[in-house]
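Please examine the sequence and the three-dimensional structure shown below.

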Amino acid sequence: MAAFVTFCSGLALLQLYALQSERRHEAARAELVSQLSVIRARLEYNLTAPLFITRGLVAQLIFHNGMSDADFARASSLVMQDYESIRNLAMSRGTVITSVYPAEPNRAALGADYRDLSGQWPAVERAINSRRPVVAGPVNLLQGGTALIGRVPVFLPGPGGEPKLFGLISVVIDIPKVFAASGIDAGSLPLDLALRGRDGLGKAGAMIWGDEEIFRRSPVEMEVTLPDGTWAMAAIPKGGWPKGGWSGDDGELRVTRGMGMLLFVLTALVSFGWAVYARRQRRAQRFMAESEERYRALMETAPVAVIVHRDGRILFANTQASRMLRVSEGQALDGRDVFDFVHPDSRDALAERVDAVLAQPDSVASGSSRYLTAEGEAIETEVISTRVSLDERPAVLSVVRDVTDRLRAEAERESLLESLRRSNEDLQQFAYIASHDLQEPLRNVAGYVQLLGRRYRGRLDKDADEFIAFAVQGTKRMQEMIANLLDYSRLRHDDGGTESIDSRIPLDEALADLGAAMDESGAVVEVIGTMPMVSVRRVELARIFLNLVSNAIKYRRRDVIARIRISARRDGLNWVFSVADNGIGMEPASLDHIFTLFQRLHSRETYEGTGIGLAICRKLVQHNGGRIWAESEPGRGSTFHFSLPAAD
């Protein structure tokens with residue numbers, strides 16, 4: 001009987017401690033879930049918010065049917081002001097990076113083709129095929145370091161109204177700053193955290209942060225939702241999960257005496273067990289209360305409005321929400337209808353997002369909404385909503401950011417851009433009128449100077465003949481420069497649309513125009529392979545070939561026959577044309593300047609010209625959606641490359 005009672009007492013104590021251990025473990029997991037939910041919400045916001053800035057850039061690209069490098073830099077400097085986590089913005093035409101801001105220290109990325117970057121191309125291809133934003137990374141950057149890259153494909157209306165890929169806008173997000181803003185790298189975190197899911201592959205992806213071993217230690221796991229995938233987040237308490245078992249004192253207690261002592265010890269053990277249980281239960285409750293207080297403090301100090309509501313009724317709103325909605329001090333938002341503060345134009349859309357979030361756990365819905373303040377003023381906001389559990393019932397947590405000032409600034413920026421466009425048109429018109437009006441007096445000066453040369457050559461002294469010759473040469477150069485300037489000012493971005501043509505046709509037209517120059521110089525032009533079909537303005541492509549081949553003939557070496565090779569190769573969505581010669585070549589340091597207006601590398605006594613031909617080529621190539629660059633070595637010739645959209 002004594003053995004039976006002892007066995008029952010021991011079994012009861014073991015069961016008690018097992019129950020306590022399980023409750024303690026459940027409390028620890030509940031606390032960890034609460035902490036991890038806050039970190040996840042902040043991380044999702046800090047990862048998603050930078051992608052919002054691309055909307056203005058994409059809208060500008062679509063509105064203007066493209067964007068110059070200078071306009072991209074100005075627009076990027078405006079939109080990056082409020083986002084410290086953004087390292088840089090980049091714009092590609094097709095799959096080739098043509099613009100990056102800030103230019104330093106990111107110049108290494110210019111000219112890179114995503115198709116040649118095995119670590120980045122899969123994400124770029126996924127964005128193009130899905131026509132949706134894609135967040136990839138961490139990615140090793142060409143300019144050094146690693147970062148997350150958000151990419152937004154841009155499609156412009158093409159011939160027949162079919163969407164046509166212009167390129168991509170890329171947002172390079174600094175990982176340490178995002179993690180710091182989300183609280184992940186805080187040394188005071190009471191948990192060990194790990195992230196995996198490179199390129200949005202979830203648990204199937206590679207590690208991003210922390211020790212992979214955490215995923216194998218029964219962690220609390222959550223998914224971080226990205227625009228096109230997820231990250232897997234796992235956490236355990238620092239030092240591991242609490243372990244159950246007997247304390248040292250309990251392990252030393254033994255029943256050594258009769259039934260009375262056994263009952264006394266048994267009663268003491270039961271009382272002690274219940275005391276331990278009650279104390280730990282109170283401790284767990286106090287811990288939960290402190291956790292709730294910390295969570296509330298975090299919400300109250302958040303720089304954005306946080307509103308929790310269920311069935312339209314506000315359950316919690318932080319101080320920033322009261323400030324945003326202009327609620328008088330002392331008036332609480334709790335218990336009021338959240339839709340009373342939503343503009344009628346936005347109520348249906350907001351209600352649909354709320355229903356979608358409640359219907360699917362762990363989902364996140366975002367969008368723009370118009371709110372009404374307590375004073376009746378309409379404000380523009382961006383809202384990110386997710387489903388949370390409050391009092392064991394689902395509710396909606398919404399993070400609301402007032403973007404009224406930002407949208408107003410964007411509108412002002414659009415107005416400035418429109419003003420700039422009009423100024424550019426006025427400047428082009430001025431250049432045309434000025435250069436055109438200068439022609440007539442210059443022709444008069446040239447005529448009289450030439451008349452002086454013919455009438456008085458040999459009748460005055462040698463210096464006078466030389467001065468007249470200089471004047472004649474100067475007026476001829478001025479006439480040529482004004483004619484070229486007039487030609488350059490006539491190049492406009494609205495001179496008709498592109499068409500699908502065989503590029504051999506404008507090439508043959510250009511070579512026919514250069515027949516006399518080729519016969520005189522003895523130059524040999526060789527066309528390698530078959531010229532492709534491209535989407536271009538035929539006259540402008542002929543002009544590009546004419547200028548490049550003409551330059552190859554002009555800057556030939558006198559000791560060898562000038563040989564010019566013209567070829568084309570496919571590069572993704574574009575065709576890249578190459579015009580290679582065996583001429584005098586250039587120093588590599590000069591390649592950045594040769595496409596600048598009136599830029600010359602040689603004196604007029606050595607080679608004639610005004611230095612405007614390559615500037616016209618660049619403007620024509622950009623007009624047709626491509627880019628132009630050069631490779632050269634002194635004494636070994638030059639190769640000019642330019643890309644144009646493929647017709648297929």
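The sections that follow describe a predicted model.

## The five-stranded sheet

Five strands form an open sheet, and their order is E16-E18-E19-E21-E20. The pairing within this sheet is mixed. Strands of a sheet pair through backbone hydrogen bonds, and the pairing may be parallel or antiparallel.

Which strands stand at the edges? They are E16 (524-527) and E20, and each has a single partner strand, so one side of each is left without a neighbour in the sheet. On average, neighbouring strands of the sheet are turned by 20° against each other, when direction is ignored. Helix H14 packs on this sheet and touches E16, E18 (563-571), E19 and E21. The direction of H14 makes about 175° with that of E21.

Strand E21 covers residues 637-645. Is this strand enclosed or open to the outside? Of its 9 residues, 9 are buried, so E21 is largely enclosed by the rest of the structure. A residue counts as buried when its relative accessible area is under 20%. Both faces of the strand are covered.

E21 pairs with E19 in the antiparallel sense over 7 bridges. In this pairing, Val576 stands opposite Ser643, and Ser578 stands opposite His641. E21 also pairs in the antiparallel sense with E20 (residues 628-633), here over 6 bridges. Glu631 stands opposite Thr639 of E21. The hairpin of E20 and E21 has 3 residues between the strands, and Gly635 takes a positive phi near 80° there.

Asp581 belongs to strand E19, which spans residues 574-581. This residue is buried yet has no salt bridge. Where is the nearest side chain of opposite charge? That side chain belongs to Arg557 and is 7.7 Å away; a salt bridge requires a side-chain nitrogen of Lys or Arg within 4 Å of a carboxyl oxygen of Asp or Glu. The side chain of Asp581 instead reaches the backbone nitrogen of Gly583, at 2.9 Å. Leaving aside residues up to four places away in sequence, Asp581 touches Ala552, Arg563, Ile564, Arg636, Gly637 and Ser638.

Asn624 is found in the loop between helix H15 (613-623) and E20. Its relative accessible area is 4%, so Asn624 is buried. The side chain of Asn624 reaches the backbone nitrogen of Arg537 at 2.9 Å. With residues up to four places away in sequence again left out, the residues that Asn624 touches include Thr498, Ser535, Val536 and Glu540. Leu644 and Pro645 are also among them.

## Salt bridges across the chain

How many salt bridges does a search of the whole structure find? The search finds 19. One of them joins Asp192 and Lys238, whose closest N and O atoms are 3.3 Å apart. Asp192 lies in strand E6 (residues 191-196), and Lys238 lies in the loop between strand E9 (229-237) and helix H6 (248-252), so the pair ties together parts that are 46 residues apart in sequence. Asp192 is partly exposed, with a relative accessible area of 25%, and Lys238 is partly exposed at 46%.

A further salt bridge brings together the side chains of Arg196 and Glu212, at 3.4 Å from N to O. Arg196 is in strand E6, whereas Glu212 is in the loop between strand E7 (207-209) and strand E8 (220-226), so this pair ties together parts 16 residues apart in sequence. Arg196 is buried at 15% relative accessibility, whereas Glu212 is partly exposed at 33%.

Arg538 and Glu509 also meet in a salt bridge, at 2.6 Å from N to O. The pair links distant parts of the chain, 29 residues apart: Arg538 is in helix H14 (residues 538-554) and Glu509 is in helix H12 (residues 504-513). Arg538 is partly exposed, with a relative accessible area of 31%, and Glu509 is partly exposed at 30%. Elsewhere, Glu382, Arg406 and Glu410 are linked in a network of salt bridges.

Note on methods. Residues numbered from 1 in each chain as written. Predicted model: local features only at pLDDT ≥ 70, side-chain atom pairs only at ≥ 80, totals over all residues. Heavy atoms only, no water. Helix = DSSP H or I, 4+ residues; strand = E, 2+ residues; numbered from the N terminus. Buried < 20%, exposed > 50% of the residue type's maximum accessible area, 1.4 Å probe, protein only. Lys, Arg positive; Asp, Glu negative; His and termini not counted. Polar contact = N/O pair within 3.5 Å; in protein donor to acceptor, adjacent residues only side chain to side chain. Contact = heavy atoms within 4.5 Å. Pairing = 2+ DSSP bridges. Axes fitted to C-alpha atoms, helices over the stretch in contact; angles between N-to-C directions.
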